Amino acid sequence: MNTIIETKQVRDLRTEEMVVQMGPQHPSTHGVLRLEVTTEGEVVKDVKPIIGYLHRCFEKHCEQMTNYQQVIPYVDRMDYVAAMSMEWSYVLGMERMLGIQVPERVEYIRVIMAELQRIASHIIAIGTYGLDLGAFTPFLYLFRDREMILDIFERTCGARLLYNYFWIGGLSHDIPPEFVDKVREFVKQFKNTIVEVNNLLSYNEIFIKRTANIGILPADVAINYATSGPVLRGSGVNWDLRRDDPYSIYDRFEWEVQVGKGEMGTVGDCWDRYMVRCREMEQSLKIIEQAVEQIPPGDVQSAIPKRIRPNPGDIYVRTEAPRGELGFYIVSDGTNSPYRVKGRSSCFVNLSVLPEISRGYMIADLIAILGSIDIVLGEIDR
Amino acid sequence: MNPLEILEKIKTKFPEAILEAKVEGVLEPFAKIKTEFIKDVCQFMRDEPELNFDYLMCLSGMDYGKGLLGVVYNLNSIKFKHKFTLKVEVSLDSPNVPSVESIWKTANWHEREAYDMFGINFIDHPDLRRMLLPEDWDGHPLRKDYQVQEFYHGMKVPY
């Protein structure tokens, strides 16, 4: 081989940069995202993400509503695979604005729902990441168990994806009698699945070769780009809003924040980001296990206000959604509907770091890097 | 540091920059900064070791009505876990705000979005294009006086 590369003819071959459009209809862009990739041979010189194909002006919709409660179904449709977590952030902001203290029972149910949702969302992230890199089986195992979560949600509030379950001050329904048993059953089953997935995918030689030392995101760059969630923690930054900007009752449970340690390569590579998600699912199971044993009795709708009219003012509220910091900047002018709602989407910010971490890698690696950021275009485009 | 101490820090360094500030009795303690000072204040807040605001949580465009646009910066420090909000206001006729992209890279996309939705012109932004809407869209939708265009490439827009 060497002799061929060394010949003068090959050395003098004219090379030039080429612009390749990846998307908007491309299976591995996880939605309608276009990447304008400048390549030199197989090497990525620059990437420009072009978004907006799914834009439906969520923020304008919010201003047109006749009351604050009506915003929640629109919030659901931001990150449609983690709708519970989306609702929580908005609802939490409104509760802080109105000074509502929700009942204990509601807090417990919310924590369980949000953690189940985190697992369901990470299942999609990990499953499709395997698909992107050519591993089909883990995806099927994971989606089998995701069905169990969706069934629990369906029994509770009637919907499988877009719930409208968290209301300002409470919940739309109480949990059904069989809820606790179903959750216990899921926890038992899913513990085995995580072991299976680790054997099949996480420590698979081919998978490690594709992800370790690829798309390295150093901690200072991650912070400067304000990335959050598994992307930030994958770079070794010990930061989780459930602990560092406390909300709800997470301080009552025993769990640990997972960070990337560079076990297979360098800290902040694709494998670290992937593995943080895997380990977070275990931690979520831990939280759920503790929470289902402690659900107190009570009425889940007792704190729902009759009329929602916050005092003029603004608030920035954030929660740890599966994909990172989900924030809402809500401005009230004292009327029945919001004056302005800005959704600070975690994927939107996380995606902005893509050009920074994919320069110099191969085109095939670009798929691995994009998958490791785990984007949902519904949330990016809003 | 509590918000009052943070505000005192900014006041000592930039005595003329603050137009209005409220740290007590509000949900988000904030300081309204004169537009021409915003970049210096941001730089100071990131680089001052005791403040260390290395994380720009959110940057939002605003239309306050009465011919006033604004930008809101929600800052956070990973190390100290304190938060603070900065605000600027500009008139609708000359909506020019210095860009903070060189301080926090994350501001790049947020500022593009604010330009897209409010038409705020960020000075020295390296790549000020529309973020979510098509390049040839008319107007800035989140402005309170926005009128939807009738047709876009022959397609009827209002439904």
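1. A:Asn213 counts as partly exposed in this predicted model, because 16 other C-beta atoms lie within 10 Å, a number that falls between the limit of 12 or fewer for exposed residues and that of 20 or more for buried ones. The residue sits in the loop between α9 and α10 (219-224) of chain A, and its phi is near 65°, a positive value in a residue other than glycine.

2. A positive phi in a residue other than glycine is also found in chain B, where B:His153 has a value near 50°. B:His153 belongs to the loop between β8 (151-152) and β9 (155-156) of chain B, and B:His153 is classed as exposed because it has 7 C-beta neighbours inside 10 Å.

3. A:Leu241, in helix α12 (residues 241-244) of chain A, is buried because 20 other C-beta atoms lie within 10 Å, and 20 or more is what the buried class requires. Leaving aside residues up to four places away in sequence, A:Leu241 touches A:Arg318, A:Thr319, A:Glu320 and A:Glu325. Of these contacts, A:Glu320 is 79 residues apart from A:Leu241 along the chain, yet their C-alpha atoms are separated by 5.4 Å.

4. Helix α8 of chain A, which spans residues 179-202, has as its buried residues A:Val183, A:Phe186, A:Phe190, A:Val197, A:Leu201 and A:Ser202. The cover over these buried residues includes α6 (104-132), α7 (137-157), α9 (205-211) and α13 (270-294), which also belong to chain A.

5. In chain A, strand β1 (residues 18-22) runs antiparallel to strand β2 (residues 34-40), and 5 bridges join the two; within this pairing A:Met18 stands opposite A:Thr39 of β2(A). Strand β2(A) is also joined by 7 bridges to strand β3 (residues 43-50) of chain A, again in an antiparallel arrangement, and here A:Leu35 has A:Pro49 in β3(A) as its bridge partner. The hairpin formed by β2(A) and β3(A) has 2 residues between the strands, and A:Gly41 in this hairpin takes a positive phi near 70°.

6. Where the two chains meet, 25 residues of chain B are in contact with 30 residues of chain A. On the chain B side, the elements that contribute two or more residues are β3 (55-65), β4 (68-76) and α3 (107-118), and β3(B) gives the most, with 6 residues. Sorted by class, this side of chain B has 16 nonpolar, 5 polar and 4 charged residues.

Technical notes: Residues are numbered from 1 along each chain as its sequence is written. Chains are lettered from A and ligands numbered from 1 in the order in which they are written. This is a predicted model: local features need pLDDT of at least 70, side-chain atom pairs count only at pLDDT 80 or more; totals for chains, interfaces and linings use all residues. Helices (H or I, at least four residues) and strands (E, at least two) are DSSP runs, numbered from the N terminus. Two residues are in contact if their C-beta atoms, placed from the backbone, lie within 7 Å. Ala, Val, Leu, Ile, Met, Phe, Trp, Tyr, Cys and Pro count as nonpolar, Asp, Glu, Lys and Arg as charged, and the others, Gly among them, as polar. Two strands pair if DSSP finds at least two bridges between them.
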